[in-house]
Amino acid sequence: MAQAFAFVDYILPCYVSIHLQEQSVPFTYIEYESNGKLWPSIHQMFSAVDRYQVANSYGLFRRMTGVGGRPEVVLEGSYDKETWTEIEFMYKPGNISAAPPVVAPHQPRLDWQMWFAALGHHSQSPWFTSFVYRLLQGKKEVIHLVQVDESKYPFHSQPPAYIRAQLYKYWFTGLAEDGSLPQKWWERQRVEEFYPTVFLGDPQLDAFLTQYGLKDKAPTKRPSDSLLPTALRLVREHTRPYTGPTLIWSLYLTAALIFLLRGARSWLPGGGLPSGKHKAVKRPEAAADPGGGGDQAGGEKNGQLKKEAAERAKGPTEAPADGPRNVKKRK
């Protein structure tokens, strides 16, 4: 057993050292000068094990897009295939006159996924086809992900007959030549068509749904009368009119208010208790002599018992010298 532990103590540091050297190659990809200074043997060792994916580039987003323009997918709907109306999202860039909202710490999932979809072909984001299909059907749950306020959704009265998507690149506008602030927040340029024009019953749309395994997919059956689904449904119905940042900041402010009230309670006299509920404080004289004839029943009883004990210790009391017995003896 001791030999096994000694072997592990020898092998483990060697493995950690080799693994750290392998990781130094992808870690320095972002800084080419540092990457070029690594020993050739480290590059060879990393190339030998690269196919096993034992070491990867550091960071979730070690390289951000947007240097050459932020790619964004813009959805458009139409009733007649001639007049197209853009579908605005709550958080992602769309309207070039709309200021980017402050959403932290909320994470808008759909808007975030739309940005990922813009980084490649729509076939790399199969969920986008399902998203377009649900908008054509007019699903309220999906529309609520686009706009909480349905009046801001351009097709709230009737679902669009046609939907397509365009790929744009967005830039922030700069100051004017005279130094004044611009009237628009964004500048954009169309790149290409991201998603073709589709409609319900379109063979191309049906082919996409079949290809991605989304056509006629039966919904998951859950017991509707159990406690958890009922509670979640009630919470969802009551929070539906509010956006994600509003709900999250409401929870944060409520928690902060509770802590402030608890802190203020400790600053008040008596620990924050109302004046009528303060505990009675014993008087010093009663506490020092509980049997000394105080106004409490316990103090009176204790004093009487001590008095009787003192009398028994003295013995029987003697009669006065001029009593009847002394008179007899003198006679």
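User: Which residue in β3 does L75 stand opposite?

Analyst: In this predicted model, L75 stands opposite A165 in β3. As a general idea, strands of a sheet pair through backbone hydrogen bonds, either parallel or antiparallel. Here strand β1, residues 70-78, and strand β3, residues 162-172, pair in the antiparallel sense over 9 bridges.

User: What is the order of the strands in the open sheet, and which strands are at its edges?

Analyst: The open sheet has 4 strands in the order β2-β1-β3-β4, with antiparallel pairing. Its edge strands are β2 (85-86) and β4 (186-198), each of which pairs on one side only.

User: Which strands does helix α5 lie across?

Analyst: Helix α5, formed by residues 126-137, lies across β1, β3 and β4, and it runs at about 80° to β4.

User: How many salt bridges does a search of the whole structure find, and which residue pairs with R164 in this way?

Analyst: The general idea is that side chains of opposite charge can pair when their charged atoms come close. A search of the whole structure finds 5 salt bridges, and in one of them R164 is joined to E76, with the closest N and O atoms 2.6 Å apart. Because R164 lies in strand β3 and E76 in strand β1, the pair ties together parts that are 88 residues apart in sequence.

User: What is the volume of the largest pocket, and which helix gives the most to its lining?

Analyst: The largest pocket has a volume of about 570 Å³, and of the 21 residues that line it, M90, H106, H144, L145 and V148 are the closest to its centre. Helices α4 (109-117), α6 (140-146), α8 (227-239) and α9 (244-267) each supply at least two residues of the lining, and α4 gives the most, with 4 residues.

User: How many residues of each class does the lining of the largest pocket have?

Analyst: The lining of the largest pocket has 9 nonpolar, 7 polar and 5 charged residues.

Terms used. Residues are numbered from 1 along each chain as its sequence is written. This is a predicted model: local features need pLDDT of at least 70, side-chain atom pairs count only at pLDDT 80 or more; totals for chains, interfaces and linings use all residues. Side-chain values use heavy atoms; hydrogens and water are left out. Two strands pair if DSSP finds at least two bridges between them. Contact means heavy atoms within 4.5 Å. Axes are lines fitted to C-alpha atoms, for helices over the stretch in contact, and angles run from 0 to 180 degrees between N-to-C directions. A salt bridge is a side-chain nitrogen of Lys or Arg within 4 Å of a carboxyl oxygen of Asp or Glu. On a 1 Å grid over the protein atoms alone, a cavity is a set of points where a 1.4 Å probe fits but cannot get out, and a pocket is an open set with protein on both sides within 12 Å along at least five of seven lines; lining residues have an atom within 4 Å of a point. Grid points are joined across faces, edges and corners, and a volume is the space filled by probe spheres set on the points. Ala, Val, Leu, Ile, Met, Phe, Trp, Tyr, Cys and Pro count as nonpolar, Asp, Glu, Lys and Arg as charged, and the others, Gly among them, as polar.
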